[in-house]
Amino acid sequence: MKINSEICIVGKKVVLVPYCSYHVEKYHQWMKSEELLNLTGSEPLTLEEEYRMQRSWYEDEDKCTFIVLDREVLEKTKNEQDAMVGDTNIFLTDPSDSSIAEAEIMIAEQKNRGHGLGKEALLLMLKYAVSALHIKTLEAKIKYGNTPSLHLFTNLKFCEVKRSDVFEEITLAVKVTEEWLEFFSQCVPQYVVQRYQRRE
Ligand SMILES: CC(C)(COP(=O)(O)OP(=O)(O)OC[C@H]1O[C@@H](n2cnc3c(N)ncnc32)[C@H](O)[C@@H]1OP(=O)(O)O)[C@@H](O)C(=O)NCCC(=O)NCCS
């Protein structure tokens with residue numbers, strides 16, 4: 001989405017930046033992992049296809065993609081590729097209703113998991129989705145057995161709404177009510193939106 005192409009979101013541990021061509025090579029390396037392809041329900045792509053995908057996500061008006069940077073590494077090295085740890089996205093799932101969207105989160109490498117980066121990245125992205133994109137129903141699709149992801153979303157009050165044995169996946173959802181927003185706002189430690197110089 002072009003709407004997020006010139007902003008970054010600064011949290012305590014992570015910074016979210018728009019997914020640019022500059023990030024594609026490292027992203028492509030990550031997505032060679034069978035584990036990640038399976039957990040994220042993705043297809044393997046060639047490097048050229050990955051570049052095309054990045055451009056189409058930028059152009060698409062129904063998908064908002066962010067790369068997750070480790071803030072500490074970024075401040076130390078000033079290098080976004082060194083600081084890249086994952087991605088988090090939101091995309092509109094119903095062409096007739098722009099208030100329903102599905103959230104995705106990935107911390108690519110095992111060494112970066114379990115340090116609170118995934119949770120904070122998801123919180124920042126969801127805050128952007130509800131405040132800037134006015135999303136009213138949030139969904140997530142989680143593979144059977146993906147306990148960390150299931151805990152992450154259920155701790156944010158997402159509940160099971162559907163189960164597909166064919167895709168071996170559970171759909172969770174939450175309505176963005178006043179009550180949920182009050183709970184959610186207390187979960188977000190820091191949320192600062194800044195201007196981002198897009199990198200090509
Ligand atoms: C799921 C994922 C994003 C979690 O990110 P992370 O940075 O490792 O997780 P965090 O350290 O931020 O922990 C966030 C929450 O996840 C849950 N969690 C994390 N690791 C867990 C584990 N090994 N077992 C159970 N729950 C776990 C906890 O609920 C935790 O919250 P809490 O600490 O407040 O209890 C990450 O493991 C990942 O990217 N996995 C591969 C891709 C994937 O499965 N994506 C989700 C597709 S729907």
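A residue is taken as buried if 20 or more other C-beta atoms lie within 10 Å of its own, as exposed if 12 or fewer do, and as partly exposed in between, with C-beta atoms placed from the backbone. The model is predicted: local features need pLDDT of at least 70, side-chain atom pairs count only at pLDDT 80 or more, and totals for chains, interfaces and linings use all residues. Residues are numbered from 1 along each chain as its sequence is written. Helices (H or I, at least four residues) and strands (E, at least two) are DSSP runs, numbered from the N terminus.

In helix H6 (117-131), the buried residues are Leu-117, Gly-118, Lys-119, Glu-120, Ala-121, Leu-122, Leu-123, Leu-124, Met-125, Leu-126, Tyr-128 and Ala-129. Because twelve of its 15 residues are buried, H6 is largely enclosed by the rest of the structure.

A nonpolar core is defined as a set of buried Ala, Val, Leu, Ile, Met, Phe, Trp, Tyr and Cys residues joined through C-beta atoms within 7 Å. The largest such core has 41 residues, of which Leu-16, Val-68, Leu-69, Ala-103, Ala-121 and Met-125 touch the most other members. H6 gives the most to this core, with nine residues. Beyond its neighbours within four places in sequence, Ala-103 is in contact (C-beta atoms, placed from the backbone, within 7 Å) with Ile-90, Leu-122, Met-125, Leu-126, Leu-138 and Ala-140.

Around the ligand there are 23 residues, and Arg-113, Gly-118, Lys-119, Pro-148 and His-151 come nearest; a residue is counted as near if its C-beta atom, placed from the backbone, lies within 6 Å of the molecule or strand concerned. Helix H2 (34-40), strand S5 (97-107), H6, strand S6 (137-143) and helix H7 (147-154) each supply at least two residues of this shell. The largest share comes from H7, with five residues.

Most residues other than glycine have a negative phi. Lys-78, which is not a glycine, has a positive phi of about 60°. Lys-78 lies in the loop between helix H4 (71-77) and helix H5 (80-83), and counts as exposed because it has 9 C-beta neighbours inside 10 Å. Glu-168, also not a glycine, has a positive phi of about 50°. With 14 other C-beta atoms within 10 Å, Glu-168 is partly exposed.

Definitions and conventions. Contact = placed C-beta atoms within 7 Å.
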